[in-house]
Amino acid sequence: MIPILSFSEIIELILKVLIFPGLAFPLLFAMIVIWFERKFLARIMLRIGPLHVGPLNRTGLFQPIADFLKLIQKEIIVPDNAYKILYNAAPIIASIVASMSVAFIPYAPKPDGGYWMIYYTPWSLLVILAIFTARPFIMVGAGWASNSKYCTLGAIRAALQLLAYEVPIALSLVSIVIMSRTFDLAKIVEAQSSIWFIILQPIGFIVILIAMMAELSRRPFDIPLAEQEVVFGWPTEYTGTQFALVMVSEYFDLCAVTSLITVLFLGGWSGPAIPILNDVSPILSGVFWFLLKMAILTVIIIMGRGIYPRLRIDQLLDAGWTLLIPLAIIQIIITLFTAQWWIPLLGGV
Amino acid sequence: MSIMKLSMGPQHPITGHFRFILDVDGDLVLKLEPDIGYTHRGIEKLAEKRTYLQNLPLIERVNSYCDSVGTMLGYLEAIEELMGLEVPERAKYLRVIAAELNRIASHLYAACLFSVATGLETMLMWPINDRELILDLLEKLTGQRITYTYPTIGGVRFDMSEGFKEEALKRLDYLEKRTEDYYKMLLWNHTFQIRAKNVGILKPSDAIRLGIVGPNLRASGVKADVRKDEPYEVYDRFDFSIPTGKNGDSYDRLEVRFKEVEQSINILRQAIKDIPKGPIKKWAPPIVPKGEVYTRVEAARGEFGYYIVADGTMKPYRLKMSPPSFRNLIALPYLCRNVPLADVPVIYISLDLIPMDVDR
């Protein structure tokens, strides 16, 4: 039976799905982050970066939009040998799957109880983990469907890389769950109302940050996309709109990952209330703190591209299995031994 | 898994105008076969149709965007030896200054490419920026940024301009300080070290057997430099050392280049200090007497050999070049056997090959 919604509930649902954290937010996030990444890396490299497109003088703020418009005008080329259905579907599935996980993340508490999120479920952590696991299969599928040698090599690398990051992520989530005794992301945030998990579990934070960078294929671990080795990895053959979708889906993933780490380790929306925002709505204040923490994480993740060379796939697997997994297990052991003192002090559980 | 033939290049982000045919098994490269000739311009044959003086800009284009002075010096040495021409002192010093500036520019360029091969784009931009300072200096000296045609038969074409000495010393000081940043950013970067160390190890005995020249040979630990072994121009008057590597891996090949930049700065300082006054050019007849000669010079990429047969006319009967990149190319298939695919760009760039130089 479909529950009957009141008018204000319908308005709220539309706001959530279309504006924040639904459709508009990941797109805006992608646009701002692409622009920021280009400007920021340009400054590191003593370049100028995008300059002319956009409202403010000499900032190039609208450069990502101009690039996107250019890409959607281009011809979509499908290779003759490609397995056409999967090849054409992969970019669309990739962007949908990537933006899906945002629906399960609580961005702020509502004053009348409940959370500002699209779909509430007590198992949201597991759902997001499952969505993240789907991504490598899209990469492998797209690489295989392109039926090109470099795409295949990139897809193999993506599949190998999965082995390096998937287990450390799951293991470091274990210690979070031990600490908060729930799979509900909103409850995990509320458990951090007195002390953030980054202070209680610094090792777990580092492990999950590194593993998530590998999951996102960011610079030290952008092995499936390694330009100098496999041209562009699994999306080599994509052109025009399909390429734009592939690119945007990476930034959707970045949005989801930074949101998740914020929720798990940085206390989500918790922070002192901002008076101006609080007067409008207490939700805005929570969202402000959430976005600020996301921004800091994004800068850290982007910075890798400016200062690190790319690792080799065997070196990444080596690091994953001999460094990240033992560290995550050590974190679990520490958590198990210290949980009896910490859990009574945490709020909300 | 079956073996896959992979064609890498000439349209590939790292290969330049080369094509490599790889036998790939999973992520392992079993065999690499270089396919050269994409930039073949027939310079050796063209040179027979032109006079010795007309050949100067042509020869320069063997290796135009990196090391044109070093390339030309060997040709001029050969002709001047056939003619029995003694070049004025000041011209010799100016040639050394131009050649060493060019060597610095070339080595900085090599460092850029190396960091691109490992995926560190920041170190692409930093040395390129500083290479621009050197190119500006060369522009001040010769009037051009890339292709100078600066040394000519019997001397050099232009004298130092006003204020060149001070400007050069200032920029060399800056570059010496800047090298510290490069070490911090690239050579001491742990991630870079694990990418470049123990990759493409060339043992000294193998290096000598394969006929490797230049910084690649010195990185394997062999002390060989034409500037010391058979000094040409005025290199015997300068006090400088030959940096060598220990392991002969890709990391050493880059480190040797950085150390050579320091030695070049050292030579430049001495040359700018000691340069005598006098004429910069001696008149040379257009006809070269009959005979044949082989000379070699140390260009930025290594030993550059010229074999010229003159038949007593204005044009060479035969001109044969032995460019360093072609001689170092043989190390590439040798080193790229049973290496991961990710190491192929690193080994290729660490040898600092230039397609134009290989094909001529």
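I took contact to mean heavy atoms within 4.5 Å. This is a predicted model, where local features need pLDDT of at least 70 and side-chain atom pairs count only at pLDDT 80 or more, while totals for chains, interfaces and linings use all residues. Residues are numbered from 1 along each chain as its sequence is written, chains are lettered from A and ligands numbered from 1 in the order in which they are written, and side-chain values use heavy atoms, with hydrogens and water left out.

**Entry: A:Val231**

I looked up the neighbours of A:Val231, leaving aside residues up to four places away in sequence, and found A:Tyr150, A:Leu225, A:Ala226, A:Thr236, B:His12 and B:Pro13. A:Val231 sits in the loop between helix 10 (227–230) and helix 11 (240–265) of chain A. Helices (H or I, at least four residues) and strands (E, at least two) are DSSP runs, numbered from the N terminus. I also noted A:Gly154, 77 residues from A:Val231 along the chain, with 8.9 Å between the two C-alpha atoms.

**Entry: chain A against chain B**

I counted 24 residues of chain A and 35 residues of chain B in the contact. The buried area is about 2600 Å², with 58% from carbon and sulfur atoms; this is the accessible area (1.4 Å probe) that two parts lose on being put together, summed over both. On the chain A side, A:Gln228, A:Pro309 and A:Arg312 lose the most area to chain B, together 24% of what that side buries.

I then looked for salt bridges (a side-chain nitrogen of Lys or Arg within 4 Å of a carboxyl oxygen of Asp or Glu). Three lie between chain A and chain B. Over all chains the count is 46.

**Entry: helix 4 of chain B**

I found a salt bridge between B:Arg90 and B:Asp159, with 3.1 Å between the closest N and O atoms. It links distant parts of the chain, 69 residues apart: B:Arg90 is in helix 4 of chain B, and B:Asp159 is in the loop between strand 5 (155–156) and helix 6 of chain B.

For the packing, axes are lines fitted to C-alpha atoms, for helices over the stretch in contact, and angles run from 0 to 180 degrees between N-to-C directions. Helix 4 (residues 89–118) of chain B and helix 6 (residues 164–187) of chain B pack at about 25°, with axes 13 Å apart. Helix 4 of chain B is therefore roughly parallel to helix 6 of chain B; angles under 35 degrees count as roughly parallel, over 145 as roughly antiparallel, 65 to 115 as roughly perpendicular and the rest as oblique. Residues of helix 4 of chain B in this contact include B:Ile97, B:Leu101 and B:Ile104, and those of helix 6 of chain B include B:Phe164 and B:Tyr182. The contact has ten nonpolar, one polar and no charged residues. Ala, Val, Leu, Ile, Met, Phe, Trp, Tyr, Cys and Pro count as nonpolar, Asp, Glu, Lys and Arg as charged, and the others, Gly among them, as polar.

Helix 3 (residues 68–83) of chain B packs on helix 4 of chain B at about 145°, with axes 8 Å apart. The class count for this contact is five nonpolar, two polar and three charged.

**Entry: helices 4 and 5 of chain A**

I recorded helix 4 (residues 84–100) of chain A and helix 5 (residues 124–146) of chain A crossing at roughly 165°, their axes coming within 9 Å. That makes helix 4 of chain A roughly antiparallel to helix 5 of chain A. The contact residues include A:Tyr87 and A:Met100 of helix 4 of chain A, and A:Gly141 and A:Trp144 of helix 5 of chain A.
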